[in-house]
Every structure is written in structure tokens, then in C-alpha cells.
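Please keep the sequence and the 3D view open while reading.

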Amino acid sequence: MNASPSESEAEEAPDLVCQLDNVQGMVDAFTTVRWKRHQDAVVELSEHGVVLIVEETGCLQAKVYLQRELFVRYEFKGHGRPRFGVSLGLFVDCLNTFSVPGKSSVIEIQYPGPDMQLLVKSVDSLESCIYAEIRTRIPDTVSWDYNFEPAGSTPISFTVKSAALKEAIDDLEWPGSSIQISLQPNPPTVTFRGEGHGDLQIDFTYYVNTDLLVAFQCDRQVSYRYKYKFLRATTSNIPSAVIKDNRGSKLTIGRGGLLKVQHLVSVARPTTSHPRIDSAGYQQPSRIAYIEFFVKPEEDEATIHD
Amino acid sequence: MKFKAFLTENGVSLLEKRFLPALDKMGKICHLFLNRDRVFFLHNLLNGDGVQSIAQFSKEALFDDYRISSQYDDCIAFTVDISLLQRALRSSVSICTEFGNGPTANRLQIKLAKKLTKNSTQRLPFLTFETKGYKSAVIQDVPISSPLSRNQVLELQTALDMAQDLPQTLVQVPDLNQLQNFVDRMRHVGDLLNISISKYGDLHIQISTTLITLGAEFQKLLVIGEQADAPSEDRNLSAQTRAARAVLRGDAQSVQVSVKHFGKSLQCHLAKPDCAFYGIALQGACLTLVFQFFIPGTHRLDKSISMHCRLPVLDQGSS
């Protein structure tokens with residue numbers, strides 16, 4: 001009540017006003033990177049879209065890319081790339097209240113509001129309206145630089161069905177502690193190995209499991225160790241609806257063993273027809289949110305400074 | 001003190017499929033209060049801090065051959081565990097349907113009884129369900145509290161009379177299922193819910209913490225009782241501003257209740273009411289949720305069944 005209409009009119013246009021017709025897709029994408037209950041995220045806005053960044057100091061970082069093509073309306077008037085901090089848990093819980101099961105609801109997101117808040121409101125009904133104002137904060141200035149560079153001339157990568165990856169990593173909980181990921185070109189194999197309370201080794205052999213290990217690229221043997229809890233964070237929160245989409249996750253090992261895990265989350269408008277029967281235009285690439293995790297390897301004598 | 005009656009088929013289906021599941025969500029234990037004409041299921045009437053719920057039935061809605069007598073004006077009241085009542089009723093029903101369909105053979109009789117049990121030397125009070133099948137009879141005893149004393153009954157009767165006042169303005173809840181869904185998701189964000197209800201037919205609910213404000217506004221709802229036309233100059237304002245202005249103008253009331261209580265009251269949709277209304281009692285004493293039931297197949301109010309909830313107010317809100 002304290003802002004009179006004339007005051008708010010005098011203010012500059014907000015950096016971003018955008019509308020989205022699939023809230024659930026956005027909720028799914030953000031949920032995938034929510035590995036802790038209380039977690040701070042940084043949101044970066046640009047003319048290309050919205051990027052949400054979450055990190056565990058120095059070890060693990062996740063990014064969700066929502067390209068402007070995912071939005072039904074996207075008006076960016078900011079200068080440069082405005083950033084703000086927000087509680088991820090609150091943001092996800094809040095967006096979730098906008099998602100009505102079995103109905104596609106259109107929401108409008110605006111930043112900043114009169115008090116630097118993030119404003120969200122439903123816009124698809126005249127007689128009822130849901131709205132939210134989320135307090136934002138100034139983000140930490142320095143964030144760990146995850147400069148991902150390929151190790152060598154050919155990238156070392158493999159693509160595995162997300163469900164299989166999640167299952168493998170879940171199974172490795174038993175040995176726990178650190179997990180060794182090894183790739184060898186001949187025969188093309190990916191090995192996850194945990195040595196802790198016990199030993200467990202999971203092999204994905206390219207020629208044997210072509211339906212699970214969808215793609216494989218590796219010209220020399222590599223092997224790095226990663227902390228189990230960080231590896232687990234990359235898959236444990238993928239919503240089951242996303243797993244059911246049966247997409248692949250791509251894992252790439254970069255210079256120094258930095259591991260990049262990429263997932264795809266559909267932000268397509270929910271169709272009434274069954275998605276797998278829907279033959280015309282399976283799912284447009286523009287309706288996909290890209291999610292990337294970066295996991296630093298454990299440092300031991302073999303991998304320090306390369 | 002005597003009570004004996006036969007549950008009608010309609011009575012069984014009302015209780016088993018609709019009211020007991022709803023009442024079970026309100027709390028495990030309730031008062032069952034019987035008088036010459038009516039039967040009441042009452043929650044939290046004698047202790048002030050939970051959601052009060054009052055479900056009442058005329059005796060014809062549930063029973064035939066209804067006989068009651070007591071020293072206190074033929075009133076009987078006791079507490080009972082709803083889930084036990086539900087179990088007894090459910091298995092009695094399965095026996096009834098199992099054994100043919102003669103006109104009187106399989107009637108379900110319900111009565112008060114005192115019986116000796118294995119673990120006690122005293123005779124304990126029970127509500128007994130007796131089903132006579134084709135060749136056998138099944139008796140189920142649901143343990144109940146000792147019947148309330150004359151003073152306690154009087155106290156319950158007084159609390160019941162006080163709980164019957166209706167708010168001056170009631171607005172129809174748009175879609176109970178949808179609202180419940182929304183509130184279920186909303187409860188992750190905070191514990192306290194601000195509600196304002198206006199004579200224009202606006203229902204505004206909001207959770208506000210230091211980090212987030214999350215709310216919903218429903219406009220142009222059906223109003224029962226005192227109503228007014230929404231001022232046209234408010235049309236383009238935000239939901240929050242609109243609600244605040246209506247309160248200042250005296251056209252709306254605002255109260256704060258617990259999100260948990262609010263969610264609980266919405267569970268009453270399990271009783272399959274035909275419509276539901278929210279209103280705020282005079283001076284913001286409580287938030288009232290009134291359910292209406294129609295005579296099946298019509299849009300006429302079934303006066304033999306009624307149900308309403310009263311949610312305790314945590315703060316007077318901004319009014």
C-alpha cells in the first residue's frame with residue numbers, strides 16, 4: 001500500500017518479464033539440482049534466457065539453462081547480465097504451488113519488483129489469481145570458475161540412459177566414500193568402482209549394452225575418483241517424471257578430471273495425448289531445459305597438476 | 001440410559017462412505033451426542049485449540065426405529081474412536097451384503113451396552129453393532145467412554161449452541177479439490193495463513209514470511225448474507241491492495257489461521273458436500289466453513305444433514 005501508482009509508474013521497466021506455459025517443467029528442472037533442503041542459488045538473466053546456478057564451495061556446481069525459446073513471452077530490458085541470489089528451496093516450493101495437476105497454467109515472472117523481489121503470478125484466469133513475491137539477495141561476487149576444457153584433442157565422453165545412470169550411482173551407495181570412473185577404448189567400457197565398506201564395480205560395455213550406453217567416445221584409458229556424495233547429487237534429485245522420459249545423460253571428462261554431467265528436462269506443454277504415441281514432432285529441441293553438473297575429482301598424487 | 005436403533009441403508013452409506021472418512025481426518029476421537037431428534041458428531045468442542053467440526057443428522061437420515069431415553073432430557077453423549085466405528089461399520093456392511101436381502105433378516109442394529117471383558121472386573125460401556133445374517137449373527141463391540149455426566153452434557157450442549165452462529169457474509173468456495181491441492185503445496189512455504197473475505201465475493205488467502213509472500217485471490221464468488229458491489233476503482237489494483245482496501249472500508253474481514261488447520265478443514269470434502277462456503281464470524285472470532293448437502297438429484301438443500309467447521313483464529317489480522 002505504500003507505493004502510490006505515480007511512484008511505480010516513474011520506475012524503470014523491469015529487467016525481465018517473461019511468461020511460461022509449463023510450470024511443472026521448470027519445477028522439474030530446478031528440482032534436479034536441489035540436492036540440499038536449504039540451498040542458495042544465483043540466477044543470471046540475459047537476452048538469451050535464464051541460468052540458475054547452484055554450488056557446493058569448490059567441489060560441485062550445477063547450472064540450469066532455460067533458453068528464451070522455452071518461454072511464450074520473453075522481454076529482456078536489462079543491461080548486461082543482471083544476477084540475483086534466491087533460496088532455491090523456496091523458489092521451487094513456490095513455483096510448485098502454481099502447477100495445477102493435469103492443467104497447463106501460464107505464469108508470468110518479473111524481476112525486479114519495487115523492492116528488488118522476484119514476482120511470480122498466474123495469468124490464465126480472470127476470476128482467480130495466484131501471486132508470489134520472493135525476496136532476493138545480492139549474490140556472492142566470486143564464484144568458483146568451472147572452466148571446462150576438453151582433455152586432449154578428442155573429448156572423452158559417454159552417454160547413458162538417465163535411469164541406468166541413476167540406478168548405478170544409487171547402487172554405489174553401499175561402498176560409499178569415493179568412486180572411481182574409468183573409461184577404456186578397447187573394448188569400449190565405462191567402469192564405476194567403489195571401494196569403501198566393501199567393493200562394488202559396475203561395468204557398462206558399449207557392445208553389450210547399446211540400449212543403455214547410447215554413445216561412447218574415448219581414445220585412451222582415463223580414470224578419476226570422485227566423492228560419492230557429489231556424484232550422487234548429480235542424479236539423486238531427478239524427478240521420476242523426467243526419468244520416465246527415457247532420455248540419455250551425457251558425461252564428459254575434461255582437463256584435470258573435471259566431470260561434466262548433462263541432463264535434459266522437458267519443458268514442453270503437457271499434451272493430452274500420450275507422448276510416446278504422439279508421432280508428429282516427437283519433442284522439439286527448443287522445449288528442453290539443459291542441466292549441467294560439474295564435479296571436481298578427488299585430488300591424489302596421480303591427478304595433481306597436469 | 002438406553003439407546004437402540006436400526007441403521008438404514010442410506011444411513012450406512014452416508015456414514016461409511018462419506019462422513020466417517022471425513023471426520024477421521026479431523027481427529028481420531030470425537031463426541032457422539034444423541035438426543036430425541038438428532039445425532040451429532042463433534043470434534044474439539046470442549047477444548048478450544050483445534051478445529052471444531054460439527055456434523056449433525058436428523059435421526060431419520062440415519063436410523064429407523066430410533067429409541068433413546070436418559071435421565072437428562074433423553075440426551076446421551078460419549079467419546080468414540082472414529083476409526084473403530086468405521087471398521088465395525090464396514091465389516092457389518094460386508095456381512096449384510098453377504099447374507100441375502102430379506103426385508104428384516106439382515107438389519108444392522110446399533111445399541112449402547114455394558115459388558116464384562118477379559119481384562120476387567122467391571123462392566124465397560126460399548127456401542128454394539130448387531131448384524132443378523134441368514135444363519136448367524138455377528139456382534140461387534142466398539143469401546144466408548146463412559147457416558148458424560150449431566151453437567152458435561154450440559155456443557156457440550158452449551159458449546160454446541162454457541163457454535164451454531166453463522167457469519168454475516170459467506171462466500172462460496174470455488175473448487176474444494178483445487179483449493180486443497182493449492183494449500184497442500186503452499187504449506188511448504190509457511191505456517192500462518194491470512195484470510196480475508198469481502199462482501200464483494202472476494203476470497204483472498206496469503207502466507208507471508210520474511211522471505212516470501214505467496215497468495216491467491218478468488219473473485220466474484222457467490223455471496224450469501226451481507227453483500228456489496230465491488231468498487232470499480234479497485235479493479236486494476238493488485239490482489240493484496242484490493243484486499244487491504246476492502247478491510248479499511250469495512251467491507252471485508254481478515255483473520256489469521258494455521259495452514260495446518262485450514263488444510264484439515266478442506267479434508268471435509270471427503271464427505272462429498274454439494275457446496276461449501278467460507279465466512280469470518282463477528283469480530284473475527286473464528287473462520288467458519290459451512291458445507292451444504294442437497295437432496296439427491298435436486299438442488300434443494302437437504303435439511304436433515306449439515307456440517308460445518310470452525311477454525312480458531314491466531315491473530316485478529318489487520319481488521
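A cavity is a set of grid points where a 1.4 Å probe fits but cannot get out. The model examined here is a predicted one, and a search of the whole structure finds three cavities of 30 Å³ or more. Rolling a probe the size of a water molecule over the atoms shows where empty space is left.

The largest cavity holds about 110 Å³ of space. Its lining is made of 15 residues, and those nearest its centre are Leu15(B), Leu32(B), Phe41(B), Phe63(B) and Ile110(B). Several elements of chain B each give at least two residues to this lining, namely strand S1 (2–7), helix H1 (9–26), strand S2 (29–34), strand S3 (38–43), helix H3 (82–98) and strand S8 (123–132).

## Chain B as a whole

Chain B contains seven helices and 18 strands, and its C-alpha trace spans about 75 × 40 × 35 Å along its principal axes. Of its 319 residues, 54% count as buried, while the accessible surface of the chain comes to about 15,300 Å², with 49% of that belonging to carbon and sulfur atoms.

When contacts in chain B between residues at least 6 apart in sequence are considered, 64% of them join residues at least 24 apart. The chain carries 35 positive and 30 negative side chains, and the centres of these two sets lie 7 Å apart.

## Chain A as a whole

Chain A has six helices and 18 strands, and buried residues make up 51% of its 306 residues. Among contacts in chain A with a separation of 6 or more, residues 24 or more positions apart account for 70%.

How many of the 11 residues of helix H3 (residues 88–98) of chain A are buried? The helix is mostly covered, with 10 of its 11 residues buried, and these include Leu88(A), Leu90(A), Phe91(A), Val92(A) and Leu95(A), as well as Asp93(A) and Thr97(A).

In helix H6 (residues 239–248) of chain B, the buried residues are Ala239(B), Thr241(B), Arg242(B), Ala243(B), Ala246(B) and Val247(B). An α-helix has 3.6 residues a turn, so residues three or four places apart point the same way. The cover over the buried residues of H6(B) comes from both chains, for it includes strand S9 (128–134) of chain A together with strands S11 (192–198), S12 (203–208), S13 (212–218) and S15 (252–258) of chain B. After H6(B) comes Gly250(B), a residue with a positive phi near 85 degrees.

## A buried threonine in a loop

Thr234(A) sits in the loop between helix H5 (228–233) and helix H6 (240–244) of chain A. Is this threonine buried or exposed? Thr234(A) counts as buried because its relative accessible area is 1%, and the cut-off for buried is under 20%.

Leaving aside neighbours within four places in sequence, Thr234(A) is in contact with Leu60(A), Ile169(A), Val261(A), His263(A), Phe293(A) and Val295(A). Thr234(A) and Arg83(A), by comparison, are 151 residues apart in sequence, and their C-alpha atoms are 24 Å apart in space.

## Backbone details in the loops

The bond from Tyr111(A) to Pro112(A) is cis, with omega near -10 degrees, and Pro112(A) is placed in the loop between strand S7 (107–111) and strand S8 (118–122). A cis peptide bond also joins Asn186(A) and Pro187(A), with omega about -10 degrees, and Pro187(A) is found in the loop between strand S11 (178–184) and strand S12 (189–195) of chain A.

The loop between S7 and S8 of chain A also holds Met116(A), which has a phi near 65 degrees, a positive value in a residue other than glycine. Met116(A) is partly exposed, with a relative accessible area of 46%. In chain B, Asp74(B) has a positive phi of about 55 degrees although it is not a glycine, and its place is in the loop between strand S5 (63–69) and strand S6 (76–81). Asp74(B) has a relative accessibility of 17% and therefore counts as buried.

Key. Residues are numbered from 1 along each chain as its sequence is written. Chains are lettered from A and ligands numbered from 1 in the order in which they are written. This is a predicted model: local features need pLDDT of at least 70, side-chain atom pairs count only at pLDDT 80 or more; totals for chains, interfaces and linings use all residues. Side-chain values use heavy atoms; hydrogens and water are left out. Helices (H or I, at least four residues) and strands (E, at least two) are DSSP runs, numbered from the N terminus. Buried means under 20% relative accessible area, exposed over 50%, partly exposed in between (1.4 Å probe, protein chains only). Contact means heavy atoms within 4.5 Å. Accessible areas come from the Shrake-Rupley method with a 1.4 Å probe; for residues, only the protein chains shown count as cover. Lys and Arg count as positive and Asp and Glu as negative; His and the chain ends are not counted. The place of a charge is taken as NZ of Lys, CZ of Arg, CG of Asp or CD of Glu. On a 1 Å grid over the protein atoms alone, a cavity is a set of points where a 1.4 Å probe fits but cannot get out, and a pocket is an open set with protein on both sides within 12 Å along at least five of seven lines; lining residues have an atom within 4 Å of a point. Grid points are joined across faces, edges and corners, and a volume is the space filled by probe spheres set on the points.
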